[in-house]
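Thanks for coming, everyone. Let me put the structure on the screen, and then we will walk through it.

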Protein chains: 2
Amino acid sequence: MSRLVLKFGGTSVANIDRIRNSARHVKREVDAGHEVAVIVSAMSGKTNELVAWCAEASPLHDAREYDAIVASGELVTAGLMAIVLQEMGVQARSWQGWQIPILTSDAHGAARIQSIDGGEIVRRFSERQEVAVIAGFQGLHGDSGRITTLGRGGSDTSAVAVAAAIGADRCDIYTDVNGVYTTDPRVVPKARRLDRVTFEEMLEMASLGAKVLQVRSVEVAMNHNVKVFVRSSFDDPAQPKPGTLICAEEDIMEQQVVTGIAFAKDEAQITLRRIADKPGVAAAIFMPLAEAGINVDMIIQVVSDDTTTTDMTFTVPGADFERAKALLAERREEIGYTVLQGTDDVVKVSAIGIGMRSHAGVAARAFRALSEKGINIRAITTSEIKFSVLIDSAYTELAVRTLHTLYGLDKP
Amino acid sequence: MSRLVLKFGGTSVANIDRIRNSARHVKREVDAGHEVAVIVSAMSGKTNELVAWCAEASPLHDAREYDAIVASGELVTAGLMAIVLQEMGVQARSWQGWQIPILTSDAHGAARIQSIDGGEIVRRFSERQEVAVIAGFQGLHGDSGRITTLGRGGSDTSAVAVAAAIGADRCDIYTDVNGVYTTDPRVVPKARRLDRVTFEEMLEMASLGAKVLQVRSVEVAMNHNVKVFVRSSFDDPAQPKPGTLICAEEDIMEQQVVTGIAFAKDEAQITLRRIADKPGVAAAIFMPLAEAGINVDMIIQVVSDDTTTTDMTFTVPGADFERAKALLAERREEIGYTVLQGTDDVVKVSAIGIGMRSHAGVAARAFRALSEKGINIRAITTSEIKFSVLIDSAYTELAVRTLHTLYGLDKP
C-alpha cells in the first residue's frame with residue numbers, strides 16, 4: 001500500500017464527463033489499496049472568466065478580493081469530484097483550502113505555502129478509507145483569515161506541498177500530455193517522452209519555457225524530495241500509460257549529457273550603445289529596472305569600437321519591453337548612452353542536462369552547430385546544468401531541431 | 001445616522017454593469033452617513049448552472065458537497081461588489097459565510113441560521129467606515145466545519161438575519177420590482193404597489209404564491225422585528241423611488257380589510273370517492289403521504305349520496321401529484337375507496353388582509369362574487385387573516401380580477 005497524491009488540471013476536469021474519467025484514475029488507485037488525496041484545478045476557462053470579471057470591475061483591484069473571487073473555481077471542481085467518486089462507490093469528501101487549513105503568506109495573488117495540517121486527512125485515510133479531494137491553487141492567510149492564491153499554475157504547487165505534508169510516496173500530476181518531452185513535439189516531431197528527469201533539470205526546463213509544470217512546484221518537490229509523476233488523464237483509466245518521473249539524481253541510473261531543449265519566445269533584447277565606461281553605469285541601468293519589477297535575464301557588455309565607451313545588451317520579458325524602453329529613455333542623460341536599440345523578435349533556446357556538470361565542451365559544440373546553419377547568436381548564458389542562446393526568432397525551429405539532433409535526443 | 005443592510009438579488013448583480021449600478025445605491029447610503037452591510041446573491045443563472053452540474057455528476061448527490069459547490073456563486077459577487085465599491089472610493093471588504101461566521105444547523109440544502117457574530121463588522125463600521133459585503137445564501141455548520149446553504153432565495157434570509165444580528169434600523173431588499181403589489185400586475189394591470197404591509201400579511205402572501213421574498217426571511221423579520229423595505233435596484237441610484245415597507249402592525253396607521261390577492265398554480269386536487277366512513281380512514285390516507293414528504297394543504301370531507309360512505313378531497317403540490325396518486329393506488333384496499341379522481345388543472349386563489357380579524361363576512365362576499373361570475377369553488381380554507389379558494393385554472397385571471405375589484409384594491 002502506498003500513499004498517493006493525484007492532481008488533475010483544468011482540461012482534466014473541464015466538464016462532468018472529464019471529471020468522471022479523471023475519477024476513474026482515482027478509483028483505480030483506491031481499488032489497488034492505496035491511500036489517495038486528490039488536488040483539482042478549476043474547470044478550464046473558469047479562472048480566466050473570473051479574472052476577466054475582476055479586470056472589468058476595476059483595472060486596479062484589491063488583490064485580497066481578487067483572490068477570494070478566483071479561488072472559487074476550484075471549490076466547484078472539488079465538490080463535483082467528490083460527488084462523482086461517491087457515485088462510483090469511493091468514499092470521498094471535498095476540502096477547501098481554509099478547511100484543512102493550507103496556511104500561506106499574505107502575498108495575495110502569489111502567496112507561498114507556509115504549512116499544511118495533514119492530520120485529519122491522514123486520520124480519515126485509516127479510519128474511513130476516505131479520499132480527500134482538495135481545492136488547489138489556494139490557501140488561507142492565518143492572521144487576517146483571508147483567502148490567498150498561489151499564482152497561475154498554483155495547483156501543481158498545492159499538490160506537491162500536500163504530498164510533502166502527508167508523507168506521500170508519489171505525487172501524480174495528471175495533465176493533457178503524457179509526460180515531459182525532450183522538446184516541444186510540435187516543433188520537433190521526433191521529440192521523445194523522457195522516462196525520468198531530475199528535479200534540477202525539470203526546474204531549468206520549467207524556468208526556460210517548458211509549460212508542463214509550475215516552476216515553484218518543482219522547487220517544493222526538490223526541497224522535500226517528493227517524487228512527481230507527470231502523466232495523462234486522457235488515457236484509458238483501466239490501462240494507464242507510462243509518464244515521466246521527476247526525481248532525485250540518485251534515482252536515475254544512466255544520465256544523458258543533455259536531457260531536453262527548451263525555448264521561450266517571450267523575450268526582448270535591449271542594447272544601449274556607447275555608454276561611458278565608468279563605475280556605476282551598470283547600476284544606473286539596472287537599478288531602475290529592478291525597482292520597476294522588470295526581471296533582467298541575459299547581460300552582455302562589450303567594448304565599443306572607439307575603446308572609450310561600451311555597449312550593454314540585455315534581455316527582459318517581452319511583456320515588459322515597452323515599459324523598460326520608456327524607463328531607459330527617461331534616464332538617457334543620467335546613464336549617458338547614445339543609441340537605444342531593441343527588438344522582441346528574438347527567442348531564447350536552451351539545452352538542459354545534469355550531465356553537463358561532468359562533460360566539458362557541451363555548449364561549444366552547440367555554438368559551432370548553430371553557426372554552421374547560419375544562425376547568429378546574439379547572447380549566451382550558461383549555468384552548471386544548462387546553457388541558453390538568444391537568436392532571431394525566425395530560426396527557432398531550425399535551432400531547436402539542430403540541438404535536438406546534435407545531442408542524440410532524436411534516437412529512441 | 002442609521003445602520004442599514006442592503007441586499008441585492010441575482011438580476012441586480014447579473015454582470016459588472018449591474019453590480020456597478022447596485023454599488024451606486026450603496027454609495028448613496030454611505031455618503032448619507034449610514035453604516036452599511038451589503039448581502040449579495042450569485043449572478044443570475046450561476047446558481048442554476050452549479051445545480052445542473054451537481055445533478056449531472058449524480059442524481060443522488062451528497063448534500064454537503066452540493067452546498068460547498070452552489071455556495072461558491074455568492075463568493076464571486078461579494079468580491080466583485082467589494083472591488084467596485086473600492087473603485088468608487090467606498091471602503092469595503094467581502095466576507096464569506098464562514099469568515100463571519102454565520103453559524104447554521106446541519107440541514108444541508110435548507111439549513112437554519114443559528115447565530116451570527118456581527119462584532120467585527122460593527123467594529124469596522126466605526127473604526128474604518130468600512131462597508132461589509134457578505135455572501136448570501138450560506139453559512140457554516142460549526143461542529144463539522146462544513147459549508148451549508150439556506151435553500152433557494154436564502155439570501156433574503158441572510159440579509160434579515162444579519163440585520164437582526166447587527167441591530168440594523170432597516171433591511172432593504174433590492175430586487176427587479178419596485179415593491180410588493182396588491183396582486184401580480186401581469187394579471188391585473190390595475191394592481192398597485194403597497195406602501196406598507198404587515199409581517200403577517202407578507203408571510204401569507206409569500207406562502208400563497210407571491211414570489212417577491214423567501215417565506216423564511218419574513219418569519220425571521222417578524223420574530224426579530226426587522227423592518228424590511230422591498231425596492232428596485234433598477235432605479236436611478238441618484239433618485240431612489242419608494243418601495244414597500246414590511247413592518248409590524250402598529251407601524252401601519254390605516255389598515256385595509258384585504259391587502260392583496262395571491263394565486264398559486266402549482267396545486268393538484270385528488271378526490272377519493274365512497275370511502276367507508278369509519279374511524280382511522282383519514283390516517284390511512286394521510287399518514288403514507290406525510291411519510292413520503294408530500295405536503296397536503298386543503299382537505300374537505302363530504303358525506304356521499306348514499307350516506308354510509310364519504311368522499312375525501314384534498315390538494316397536494318403539483319410536483320408531487322403523480323407520486324401521491326401512485327401511493328394511494330397501492331393502498332386502495334387498505335383505504336377502501338371506489339374511485340380515485342385527480343386533476344392538476346386547478347389554481348389556489350387567496351385574499352390576505354390583517355383587517356379580516358375585525359371584519360366578519362369578508363370571505364362570504366368573495367364566494368358570492370365568484371359564483372356570480374360562474375366560477376365553481378372546489379375547496380375553501382380560511383385562517384385568521386386570509387382565505388383561499390381552489391378553482392379551475394381556466395378562471396385564474398377572472399377570479400383574481402374579481403376579488404381585486406371586490407375589495408377595493410383597484411382604487412389608487
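Contact here means heavy atoms within 4.5 Å. This is a predicted model: local features need pLDDT of at least 70, side-chain atom pairs count only at pLDDT 80 or more, and totals for chains, interfaces and linings use all residues. Residues are numbered from 1 along each chain as its sequence is written, chains are lettered from A in the order written, and side-chain values use heavy atoms, without hydrogens or water.

Start with A:M81. Not counting residues up to four places away in sequence, A:M81 touches A:F8, A:V13, A:I19, A:S22, A:A23, A:V38, A:V40 and A:V133.

Now the cores. A nonpolar core is a set of buried Ala, Val, Leu, Ile, Met, Phe, Trp, Tyr and Cys residues joined through side-chain atoms within 4.5 Å. Buried means under 20% relative accessible area, with a 1.4 Å probe and protein chains only. The largest core has 70 residues, and A:L80, A:M81, B:L80, B:M81 and B:V133 touch the most other members. A second, separate core has 40 residues, including B:I166 and B:V226.

Next, the two chains. How do the copies meet? 100% of the interface residues of chain B are also interface residues in chain A, so they meet through the same surface.

Last, A:S388. Its relative accessibility is 0%, so A:S388 counts as buried.

Conventions: Buried < 20%, exposed > 50% of the residue type's maximum accessible area, 1.4 Å probe, protein only.
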